[in-house]
Amino acid sequence: MKTGIMNTSPAPAARIQPGQAVEIAAGVHWVGVLDPALRSFDIVLSTANGTTYNSYVVRGDKGVAVIDTVKEAFAPEFFKRLESICSYDEITTIVINHLEPDHSGALPELMKRAPQAHVYLSSRAPMMFKALLKSTDVTPSAFTLVKTGSSLDLGGRSLAFYQTPFLHWPDTQCTFVPELGVLFSGDVFGCHFCDDRLFNDKVGDFRFSFEYYYAHIMRPFRQHVLTGLELLEPLALQLIAPAHGPVLRQNPRHYVQRYRELAEGRLDDQVLGEKTLLIFYISAYGATRRMAEAIATGAEDEAGVRVSLYDLEVGDVSPFIDLIETADGIAIGSPTINGDAAKPVWDLLSSLHAVHIRGKLGATFGSFGWSGEAVTLMEDRLKGLRLHVPFPGLRLKLVPTEEELAQCRDLGRKLARHLTTPPDELFAEAA
Amino acid sequence: MPKAKVTFADIGVTITVPAGTRLIEVSERVGAAITYGCREGECGTCLTQVVSGSENLAEPSVLEDQVLKDMFAPRHHRLACQAQVLSGEVVVKPA
C-alpha cells in the first residue's frame with residue numbers, strides 16, 4: 001500500500017514553524033499548537049515538557065476535513081496555521097473525536113468561520129456539544145452523530161469512525177483514514193509532551209510521558225481500553241495522530257501493543273480462581289491492629305479467599321494502589337484522632353480515583369477513645385467511591401474484649417462469604 | 001417477592017433479581033461494562049441498549065425521558081441507573 005507517510009530518515013529534524021502547517025501524510029496536515037510552558041494539566045497532571053493540542057486537516061478531492069481543534073486560548077495560533085493550508089470556505093467537515101475543552105475550545109469560532117461545514121460527533125456527545133455551545137452565540141446548523149461503522153467520503157480520502165467510549169470520556173471516538181492508514185486517535189495513545197520536532201522518531205525521549213498519561217488518564221477505564229483495542233488493533237496502521245504529544249509515525253503499532261500490555265497486566269493472575277480481600281489498618285495502641293487481625297482470621301475461614309493484611313503506618317500508600325486495583329474487596333481500619341481518621345488512611349482513600357474500584361466490596365472498622373467518627377467517615381468515603389458496603393462499620397471503644405474480637409472475626413467471615421457467594425444468591429438473600 | 005431475569009449480553013451473564021432492582025445495581029456486581037457517573041439520571045453516562053424485554057422495565061421517569069431526548073438516544077435505550085426491572089426477562093448491553 002502506498003501510504004504517503006513522510007519518511008523517517010536520520011536527517012536532522014525539521015522544526016514546527018509559526019503559522020505553518022506540517023504535512024504528516026499525503027494530503028494530511030498537522031495544524032495544532034504547542035504549549036511548552038504548561039507544567040500542570042487540568043490541575044492534576046504534571047508535565048515537565050508542556051503539551052501540544054493537536055488538530056489535523058485531511059484534504060480529499062471532494063472536501064476538506066478538520067479533525068479536532070485546540071484549547072480556546074490558543075485559537076489565534078491554530079487559525080493562522082489552519083489558514084496556511086486551506087481557506088474556510090473549503091472546509092466541508094469538522095470531526096470532533098472528544099469534546100473536552102482542550103480539543104473543542106476553538107470549535108465555536110471554527111463553526112463561525114466555516115458555517116457551511118458539517119460537524120460529526122460521537123453518538124455519545126450531544127449533551128456535551130450542547131453544553132459547549134450554550135455560552136456562545138453559535139447554533140449548529142448541521143451535525144451528524146456517528147458510531148463504529150459510520151464513514152464519510154472526502155474524495156480519494158475517507159473517514160471511518162470507531163467509537164471508543166470512556167477512553168477517557170463517554171463521547172470519545174477515533175477516526176481512521178483507511179487509504180493512508182492514518183488513525184486520529186484523540187486522547188488515546190497521546191501524552192503531555194511538547195517538542196517542536198513533532199514526530200516520535202525526532203522528538204526527545206517521551207516514554208515516561210506516554211506511560212504517565214496512560215496511568216493517569218486511561219488506567220481507571222482499563223476494561224474499556226481492552227474493548228477499544230479490539231476495534232483498533234485490526235486496522236492497517238501506518239501512523240497514529242493523537243490529540244496530544246508526538247505524532248507516532250515510526251512503529252505506531254508499538255504504542256497499541258503497549259496499551260494492551262498496560263491494560264492486561266494484572267497482579268491477580270497470581271491468585272487466579274481465588275477472591276482477594278485486602279485489610280489495611282493503622283493503629284495507635286494496637287487495638288485497631290487487633291481488630292484487623294481478627295477480621296483477617298475470620299475471613300481466612302472461608303475457602304477461596306486470599307487475605308492480606310497491611311499496616312498503613314509505613315507511610316507511602318502508592319504500592320497499595322496497584323493491589324487495590326486488582327483486589328475484590330478492601331477493609332480499612334483507623335483509630336479516631338481528634339474526630340477524624342489518621343492521615344495515611346486519607347492518603348490512601350484520596351488516591352483511588354486512579355484505578356477502577358467501583359463495585360468492589362468495602363468495609364471499615366476502628367477502635368476509639370472518645371467518639372469514634374473515623375469509621376463512619378471512612379465508610380462515607382468508600383460509598384462515595386461507589387464501593388459496595390453491605391455491612392455497617394465496626395467500631396469499638398478502646399481495647400477489644402474477646403467478645404468484640406469475635407464480632408471482628410464474624411465481620412471477616414461475612415466479608416469473605418460475600419466475595420465467594422454468586423451475585424444472584426446475594427440478591428435472593430437481600431430479597 | 002416477584003423476581004425477574006437480567007442478561008448482560010456483553011459478558012454473557014444472566015442473573016435473577018428481585019422486582020424493582022435497577023439495572024446498574026446488578027451490572028456493577030456482575031462486572032458488565034456499563035459505566036456510570038452520577039447514578040441519579042442526570043449525566044447520561046450509563047446509557048444502555050435494551051436488546052429485548054424492554055416491556056419488562058418500568059417506564060422512564062420524566063427526568064430520564066428528558067435526558068434520553070437530550071442524548072438523541074435511539075429507541076430501546078435506557079439509563080441503567082434509572083431503569084428498574086419489573087418482571088420476566090430483559091437482555092441489555094452497553095450502548
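This is a predicted model: local features need pLDDT of at least 70, side-chain atom pairs count only at pLDDT 80 or more; totals for chains, interfaces and linings use all residues.
1. Which domains does the domain assignment of chain A give? There are two entries: domain 1 covers 22-264 and domain 2 covers 269-430.

2. Domain separation in chain A. The centres of domain 1 and domain 2 of chain A, taken over C-alpha atoms, are 41 Å apart. The contact draws 5 residues from domain 1 of chain A and 4 residues from domain 2 of chain A. On the domain 1 side, the residues that touch domain 2 of chain A divide by class into 1 nonpolar, 2 polar and 2 charged.

3. Overall build of chain A. Its secondary structure amounts to 13 helices and 21 strands. The C-alpha trace of chain A spans about 80 × 45 × 45 Å along its principal axes. Of the 431 residues in chain A, 47% are buried. Take the contacts in chain A between residues at least 6 apart in sequence: 72% of them join residues at least 24 apart.

4. One site in chain A. A236(A) sits in a loop of chain A, between α6 (222-232) and β16 (239-242). Is A236(A) buried or exposed? A236(A) counts as exposed, because it has 12 C-beta neighbours inside 10 Å and the exposed class takes residues with 12 or fewer. A236(A) and H98(A) are 138 residues apart along the chain, and 23 Å separate their C-alpha atoms.

5. Overall build of chain B. Chain B contains 2 helices and 5 strands. Their order along the sequence is β-β-α-β-α-β-β. The C-alpha trace of chain B spans about 30 × 25 × 20 Å along its principal axes. Why does the radius of gyration of chain B agree with a compact globule? For 95 residues such a globule would have a value near 12 Å, and chain B has 12 Å, so the two agree.

6. Packing within chain B. Buried residues account for 42% of the 95 residues in chain B. Among the contacts in chain B between residues at least 6 apart in sequence, 65% link residues at least 24 apart.

7. The interface. How many residues of chain B are in contact with chain A? On the chain B side there are 15 residues, and they meet 16 residues of chain A. Two elements of chain B each give two or more residues to this side: β2 (13-18) and α1 (23-30). The most comes from β2(B), with 4 residues. By class, the side of chain B that touches chain A holds 8 nonpolar, 4 polar and 3 charged residues.

8. Confidence in chain B. The mean pLDDT of chain B is 93. In chain B, 100% of the residues reach 70 or more. Where in chain B is confidence lowest, and where is it highest? The lowest is in α1(B), at a mean of 89. The highest is in strand β4 (residues 77-79) of chain B, at 97. Note that α1 of chain B is also one of the elements that give two or more residues to the side touching chain A.

9. Confidence in the complex. For the complex, the predictor gives an ipTM of 0.83. The pTM is 0.87.

Key:
Residues are numbered from 1 along each chain as its sequence is written. Chains are lettered from A and ligands numbered from 1 in the order in which they are written. Two residues are in contact if their C-beta atoms, placed from the backbone, lie within 7 Å. Ala, Val, Leu, Ile, Met, Phe, Trp, Tyr, Cys and Pro count as nonpolar, Asp, Glu, Lys and Arg as charged, and the others, Gly among them, as polar. Domain bounds come from an automatic or database domain assignment. A residue is buried if 20 or more other C-beta atoms lie within 10 Å of its own, exposed if 12 or fewer, and partly exposed in between; C-beta atoms are placed from the backbone. The radius of gyration is taken over C-alpha atoms; the globule rule is 2.2 Å times the number of residues to the power 0.38. pLDDT is the predictor's confidence in each residue, from 0 to 100.
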